[in-house]
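User: I've got a model open and want to learn how to read a helix against a sheet. Can you walk me through it?

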Amino acid sequence: MTENMLESMLIKLSDVTTAVYYMLGGKALITINHHNPEKHLTYRVVQSKKDLSTYFIRVKTKSGYKYVGVLEHAVYKPFYTSLFYRTPKSEIPETDLRYKAFRWFWANLFGKSIIPDSLDVLRYRICCVCGSLLTHPKSIKKGIGPVCAKRHPLADVFKGAF
Ligand SMILES: [Zn+2]
């Protein structure tokens, strides 16, 4: 499937819990824009196979996806720690909007329940855990297939939320 086809299937997220659940599925693809739809940014959020609380953030550029940094999200119920930072391997400089936008976005999601109107958080009709195309209306609505819902990295934490 082409990226253009995917882009015609964007779904806007309105609450923070849903956005965080989707983004931490393991193979999430999201697009964000703040005020200016012309300047949307698309990120892949892929869970590390070695360390399950680590996610690698890549941003779509004209020459493919580039590594931005690491998101560490560890849950110690009922608490969690969440950090996003660049590493020496980052391909996007600290001064670059594509780094700053994600940092701002992630920091601003928390402490709110509703995503502000000025910010669009869009996801695709693909499963956040395995990345495959969703076809069942229920799965499309949730952003995850029924089998993957059970193996979502934070299935335990989000139990009953949806
Ligand atoms: Zn899946």
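Predicted model: local features only at pLDDT ≥ 70, side-chain atom pairs only at ≥ 80, totals over all residues.

User: What span should the 13 residues of helix H3 have, and how far apart are its end C-alpha atoms?

Analyst: H3 covers residues 97-109, so at 1.5 Å a residue it should span 18 Å, and its end C-alpha atoms are 18 Å apart, which agrees.

User: Which residues of H3 are buried?

Analyst: For burial, count neighbours: a residue is buried if 20 or more other C-beta atoms lie within 10 Å of its own. In H3 that picks out Tyr99, Phe102 and Phe105. Looking down the axis of H3, the buried residues fall within an arc of 135 degrees, so they line one face of the helix. On the face turned away from that buried side sit Leu97 and Ala107, both exposed.

User: What do the buried residues of H3 pack against?

Analyst: Strands S2 (27-34), S3 (41-47), S4 (54-61), S5 (64-76) and S6 (79-85). H3 lies across these strands, running at about 20 degrees to S5.

User: And how do I read the sheet itself?

Analyst: In general, strands of a sheet pair through backbone hydrogen bonds, either parallel or antiparallel. Here seven strands form an open sheet in the order S1-S7-S2-S3-S4-S5-S6, with antiparallel pairing. S1 (11-13) and S6 are the edge strands, each pairing on one side only. Neighbouring strands are turned by 30 degrees against each other on average, direction ignored.

User: How many bridges join S3 to S4?

Analyst: Five, and the two strands run antiparallel. Arg44 stands opposite Arg58 in S4.

Methods:
Residues numbered from 1 in each chain as written. Helix = DSSP H or I, 4+ residues; strand = E, 2+ residues; numbered from the N terminus. Expected span 1.5 Å × (residues − 1). Buried ≥ 20, exposed ≤ 12 C-beta atoms within 10 Å, placed from the backbone. Arc of directions from axis to C-beta. Contact = placed C-beta atoms within 7 Å. Pairing = 2+ DSSP bridges. Axes fitted to C-alpha atoms, helices over the stretch in contact; angles between N-to-C directions.
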